[in-house]
Amino acid sequence: MALATFSEALDFAISREKEAVAFYRDLQRIAKFASQKELMGEFEDMERGHVTLLEGVKSNQEPARLSTSIPSDLHLDDFLVSSPPTEDMTYQDILITAIKRERKSAALYTGLKADTDDRTLIDVFSRLIVEEENHKDYFQKLYDRDIQSAN
Amino acid sequence: MPDREKFPVHTGGVENFDLESGRYMKVWQGPQHPGVTGNMALELVTSGDEIVDLKTHVGYLHRGFEKLMERRKWIQNFPLVCRICVPEPDFNEYLYAAATEELAGIEIPERAVWIRTLNLEMARLTSFLMWLGGQAGAFGMGTIGQWTVTMRDFMLDLFEELTGGRIYHMYIVPGGVRGDVPQGWFSHVLTTLKNVEKVLDDIELVLFNNAVFKKRAVGLGVITPDMVDYYGITGPNARASGVARDIRKDRSYLIYDKLDFDIITGISIGVDSDIFGRTRLRAAEMRQSISLIRQMIDKMPEGPVHVSPPNVLHWKIPAGETYLSAECTRGEYGYYIVSDGSDKPRRVYVRGPSYTHAVALFEHMAPGTNIADTAGLMVSLHTYPPEIER
Amino acid sequence: MSIKDIIAPFAVWKRAFEKPWTIKKPIDDRPGADRYRGFHKNDGDTCIGCGTCETICQNAAIDMVPVDGVQGDGGDSGLRPQIDYGRCCWCALCVDICTTGSLTMSNRYVWTDNDPDVYRFIPGYDSKEWDNAETGYSRPEGYSLLKEERVEMPALSVEEGLKSFVEMIKGYSAEQAVKEADRCVECGICVAECPAHMDIPGYIRAVREGNIDEGMRLLYETNPFPASCGRICTHRCEEVCSIGHNGDSVAIRWLKRYIADQVELEDYGKALPRPEENTGKKIAVIGAGPGGLTAAYYLRMLGHDVAVLEARKAGGGMLRYGIPEYRLPYDQLDKDIEYIRGLGVEIRYSINVDAESFKNLEKDYDALFFSTGLSDPYKLGIDGEDNPRVFGGLAVLDEVTAGKDPKLGKTVGVIGGGNVAMDAARTARRYGAEVTVLYRRRVVDMPADIEEIEEAAEEGITIIPQAIPLRVEDAADGKVGFVWNMAEMVDDPDGGRPRPQPIKGEIHTFVCDSLISAVGQGTNLPYLPEESESGVAVKRYKPVVDERGQTGNPGIFAGGDIVNSRKDAVSAIGDGHAAALSIDRFLMKKEA
């Protein structure tokens, strides 16, 4: 799509985060166990926080509040295989799904950034990529600590 | 039956003298007096200059060692025992450690035995150095005391280098000794011994060829051979009167059987058993110690110096009792230890040779002597109050 | 009397012309000898506050005191010796027996001050001018009051061990046990580190004194699984044992086993106390593993009625279904469990609890404790892992427990580095396979017990570290191929452990008959109702409990692997004990 302005770029990002909120909320509906619902609820809240953050960025018209530090990549997502959501997802399943989602987002912004010449947009998309990388890194760290403790 | 004619009982003899009559005076020499060899009180009754009666009072140095030892674990007592006798603490350390090892069935390495013997002979020399100064000083020759105490200080330097302490060595412990000899220590010992010998030569020149000393000390304080067994006299006091007894030969302990020495008696060096003779005898024994130390340095075997006992925090020694003795400068020093199978000694009795010398023998010998000679007489018996009451 | 006797004494005058012997201290310095026992120094970083110096001091001159800035954790008591120079006699017994060698002496011997209170000081913390002295007394070479070597434990040789599942460790004889027990200095640092806080110095003393009844009593005060723990405990105590600093740690686990081995099950009652009078309260315990059965034991001893519900056919949890027999024979585990059952604890097997029955249990019982363990293996998460030649580690161990040959083939690859991976590898070895373990990180990062890793290597198991799993594919002749990427370890910028980074082009395939995946376990807690119904909150798949195991619902408690991060038997036992006391307080309305 054509994103010509800062606001349009932010609107797009916000809609993606809102979609993520809905994703986790829907998962809770099909989830069978309390443990699953709790974690999905936690991630839903996290995504909602991202929405608020991006809305703030949009109203300030500048990306100052986005993350600046680029995390070092654990590269877990390169080989992890995710399966479609089910009613009895484990902690591992949910984390893999979350990692993959963030990776997709980052890829999407990377594509958008390559498509434009606008300096402001390039800057915004760069910052959004970094933001998504940080989100992905958060989930990867959880995965490495809690799921991969024995490997 | 003891010969009460020859050796009358001395109990409360003071009552026999009418102190109101103006013919007698009671003088307390001690317990704090430069003329006693430690905290001990001499209650003297004099008639003019002459002592007519002596009653000794001991107990000022009772520190309760033997009871303290019953309340401490076996290993915790070695820091205590050295304090029983300050001039030669090593005998205490050795006897306690050896008695404990015997009761526990521990055999210590050979080199440790040699080092222990070396320590004991050094302790003997060091103790005699102080004694010699005291004996000369008691007759007014203070210079000699300066020299001997300095030489003693150099001996203490050697102990400091070997053990980590000058006076309380805490080096002979159950299991062996606490650490091997440091590099270069043997040569330091030999150098110091040469210096001690030189000073001994000087002392003998000025003391044994001394008109004042001869006038005062010859014929004073005579111990006859029949007094030896009656009063339980041991050590140089006995040997000076011709009785050839030395535990190092009689009950050969440590490695004395491997060393070359003879028992020195008054007869073998041609002296009588008066103060002068005893001084000559002890000086000869100092030279004997020097010779023994040189022999040991020459022949000392290699090897470990300690075998570690069971965990000392809960080391229980099988029930039993033993008595070990050693020839210290004053005579027979003994440790009688009883174990009841627990982690603390049941009884540790320390036999100090000074008890008989300073009390019974001294009370017998003092009447008839001049009050100015009391100090010299006491020193010549080499009494040491701390080992009387511990 | 001759002329010589009058003239000779004047020879003393020659000293007047010689150099004086006096040292003019303090103008001239006179340092103490190299070994002089002078004022104390203590290296605060090496000191662990074990207090053995305080114990040995024959004049009570040392007090262990807390010091600002010194934390008491992980093998350090947080205390440091304070020495009173009014009582110290500088015998250096404290230096001789110091377990870490931190306490030494300088050769300084002069200290003048107007204030008498300064002479009671903490060496190494109250800074003194001799703190950096290079000479002074320290424990001499070849002289030791502590026994640095452990009594060797007789065990099957590697060849013998591989032939079967017979227990490899043979156990100490009475003489060996007493000799090993003698090494302990009773400092007690181990007690804080033990998740169950067992009275370790106490039971070691019981071994030393030959008082087995007292030993049993002390064991059961904090741990009703002595035969099991005496064989497989992770022995965190031994990691912090003060003797272990300069020698082998005391063999605490083997001494625990020794006590339990001396008593037949039917004689336990002679040494151990009976339960208290019945309180009329009933508690349901879900899970008959070490956590659940420990809670059941202590609740029963407090007089409550306990019913344990277990999904499997037999109790013990991972102790039975995870740990192989050559480490923990089933009859020893049965001994521990049977004693608990014999006290009147009802254990019902093959009962699966779901959310409905959980709610019923909550209604029917006065309190609930759940300790169900982590039974769902994590996936490899890579392509092709549904290959029929890939088996789960726990599944393989399950089969072996049931007495079946897992039929793994001649060559086996095990993916993972935890205890399950080691157990699976060594089990496969005993079925005659050649086994290779592939682990993502370095050997030193492997969470398995070091002994397990060492013994696995001794048994001929190859370990390939830094192997990142890529995918699983079919290989020729019905075999399976594990494709992995060699990694280099890269420092973590956040200060965590180094992470494996795949090296470009270093892709390898490991071909074998069977692959065992042992990369960790989790659980969905499928029986827990919503928090709104049960009051029990969950966070990241773990029930939320306070430090005593109580959940948001005051009558429901949890413990064990589902709650703690250490994930070993003794931590579950500690949790079970704490929860039992907590439940008792809740039911009987006692004060904390």
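A residue is termed buried if 20 or more other C-beta atoms lie within 10 Å of its own, exposed if 12 or fewer do, and partly exposed in between, with C-beta atoms placed from the backbone. By this criterion, 48% of the 592 residues in chain C are buried. The model is predicted: local features require pLDDT of at least 70 and side-chain atom pairs count only at pLDDT 80 or more, whereas totals for chains, interfaces and linings use all residues. Residues are numbered from 1 along each chain as its sequence is written, and chains are lettered from A, with ligands numbered from 1, in the order in which they are written.

**Figure 1. Overall layout of chain C.** The C-alpha atoms of chain C occupy a box of roughly 120 × 70 × 50 Å along the principal axes. Chain C contains 21 helices and 22 strands, where helices (H or I, at least four residues) and strands (E, at least two) are DSSP runs numbered from the N terminus. Its division is into domain 1 (26-145), domain 2 (158-271), domain 3 (282-375 + 523-587) and domain 4 (377-521), with bounds from an automatic or database domain assignment. Between the C-alpha centres of domain 1 of chain C and domain 3 of chain C the separation is 49 Å. Two residues are in contact if their C-beta atoms, placed from the backbone, lie within 7 Å. Of the contacts in chain C between residues at least 6 apart in sequence, 72% join residues at least 24 apart.

**Figure 2. The contact between chain C and chain B.** Chain C contributes 32 residues and chain B contributes 31 residues. On the chain C side, helix 1 (3-7) and helix 2 (52-56) each supply at least two residues. Helix 1 of chain C gives the largest share of that side, 3 residues. The side of chain C that touches chain B comprises 18 nonpolar, 4 polar and 10 charged residues. In this classification Ala, Val, Leu, Ile, Met, Phe, Trp, Tyr, Cys and Pro count as nonpolar, Asp, Glu, Lys and Arg as charged, and the others, Gly among them, as polar.

**Figure 3. The contact between chain A and chain C.** Here 22 residues of chain A are in contact with 35 residues of chain C. On the side of chain A that touches chain C, the elements giving two or more residues are helix 2 (34-60) and helix 3 (91-115) of chain A. The largest share of this side, 5 residues, belongs to helix 2 of chain A. By class, the side of chain A that touches chain C holds 11 nonpolar, 9 polar and 2 charged residues.

**Figure 4. The nonpolar cores.** A nonpolar core is a set of buried Ala, Val, Leu, Ile, Met, Phe, Trp, Tyr and Cys residues joined through C-beta atoms within 7 Å. The largest such core has 290 residues, of which Cys94(C) and Phe369(C) touch the most other members. Helix 4 (residues 110-138) of chain B gives the most to this core, with 15 residues. A second, separate core of 12 residues includes Ala13(A), Ala106(A), Val124(A) and Leu128(A).

Figure 5. Leaving aside neighbours within four places in sequence, Cys94(C) is in contact with Cys53(C), Ile56(C), Cys57(C), Ile62(C) and Leu103(C). Pro81(C) belongs to strand 3 (residues 79-84) of chain C. Pro81(C) counts as buried because 28 other C-beta atoms lie within 10 Å. With neighbours within four places again set aside, the contacts of Pro81(C) are Asn42(C), Cys53(C), Glu54(C), Ile62(C), Met64(C) and Leu103(C). The C-alpha atoms of Pro81(C) and Val65(C), which are 16 residues apart along the chain, are separated by 6.3 Å.

Figure 6. Two strands pair if DSSP finds at least two bridges between them. Strand 11 (residues 390-392) of chain C pairs with strand 18 of chain C in the parallel sense over 3 bridges, and Val390(C) has Leu515(C) as its bridge partner. Strand 12 (residues 411-415) of chain C also runs parallel to strand 18 of chain C, joined by 4 bridges; the bridge partner of Ile415(C) is Ser517(C).
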